[in-house]
Amino acid sequence: MLLIHCPYCDQTLPEAEFAYAGEAHIARPEDPSQLSDEEWRDFLFIRSNLKGPHFERWRHVHGCARFFNAVRDTVSDRFLLTYRAGEPRPDLSTPEAAQ
């Protein structure tokens, strides 16, 4: 069972409390009508599939119902950290990010 920490409720709860909401920090196009079909396809469907730390969006559906971001290691499936939506993407190379 995966345990996820909600940065708003300040609780660590089972994965069943949450819903995955896609990759985090995706730059949204300012004017989608100006994109070619290929650019729009890439925006909608092409995502990184990295081995290791992956930045994701999650929603605490059975709690505060708020969206937040998480860094999950795709190899171990362990959550490295969670942080509130709107906060900048953390630099994982700093020692405080590893805590």
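A polar contact is a pair of N or O atoms within 3.5 Å; within protein, one must be able to donate a hydrogen and the other to accept it, and residues adjacent in sequence count only if both atoms are side-chain atoms. Keep that in mind for the first view.

The legends below describe a predicted model, in which local features need pLDDT of at least 70, side-chain atom pairs count only at pLDDT 80 or more, and totals for chains, interfaces and linings use all residues. Residues are numbered from 1 along each chain as its sequence is written, and side-chain values use heavy atoms, with hydrogens and water left out.

**View 1. R72 and its polar partners.** Let's start with R72, a residue of strand β5 (strands are DSSP runs of E, at least two residues, numbered from the N terminus). The R72 side chain makes a polar contact of 2.6 Å with the side chain of E56. The side chain of D77 is also joined to that of R72 by a polar contact, again listed at 2.6 Å. Is R72 buried or exposed? R72 counts as buried because its relative accessibility is 15%; buried means under 20% relative accessible area, exposed over 50%, and partly exposed in between, with a 1.4 Å probe and protein chains only.

**View 2. The neighbours of R72.** Contact here means heavy atoms within 4.5 Å. Leaving aside residues up to four places away in sequence, R72 touches G52, P53, H54, E56, D77, R78, F79 and L80.

**View 3. The open sheet.** Four strands line up in the order β3-β4-β5-β6, with antiparallel pairing; two strands pair if DSSP finds at least two bridges between them. The edges are β3 (19–23) and β6 (79–84), each with a single partner strand, so one side of each has no neighbour in the sheet. From one strand to the next, the twist averages 30 degrees, using lines fitted to C-alpha atoms as axes and angles from 0 to 180 degrees between N-to-C directions.

**View 4. Where β4 meets β5.** How many bridges join β4 to β5? Seven bridges link these antiparallel strands. Look for R57, which stands opposite N69 in β5.

**View 5. Two loop residues with positive phi.** D10 sits in the loop between β1 (3–6) and β2 (11–14). Its phi is near 55 degrees, a positive value in a residue other than glycine. D10 counts as exposed, at 58% relative accessibility. Now find A65, in the loop between β4 (53–59) and β5 (67–73). A65 is not a glycine, yet its phi is positive, at about 65 degrees. With a relative accessible area of 32%, A65 is partly exposed.
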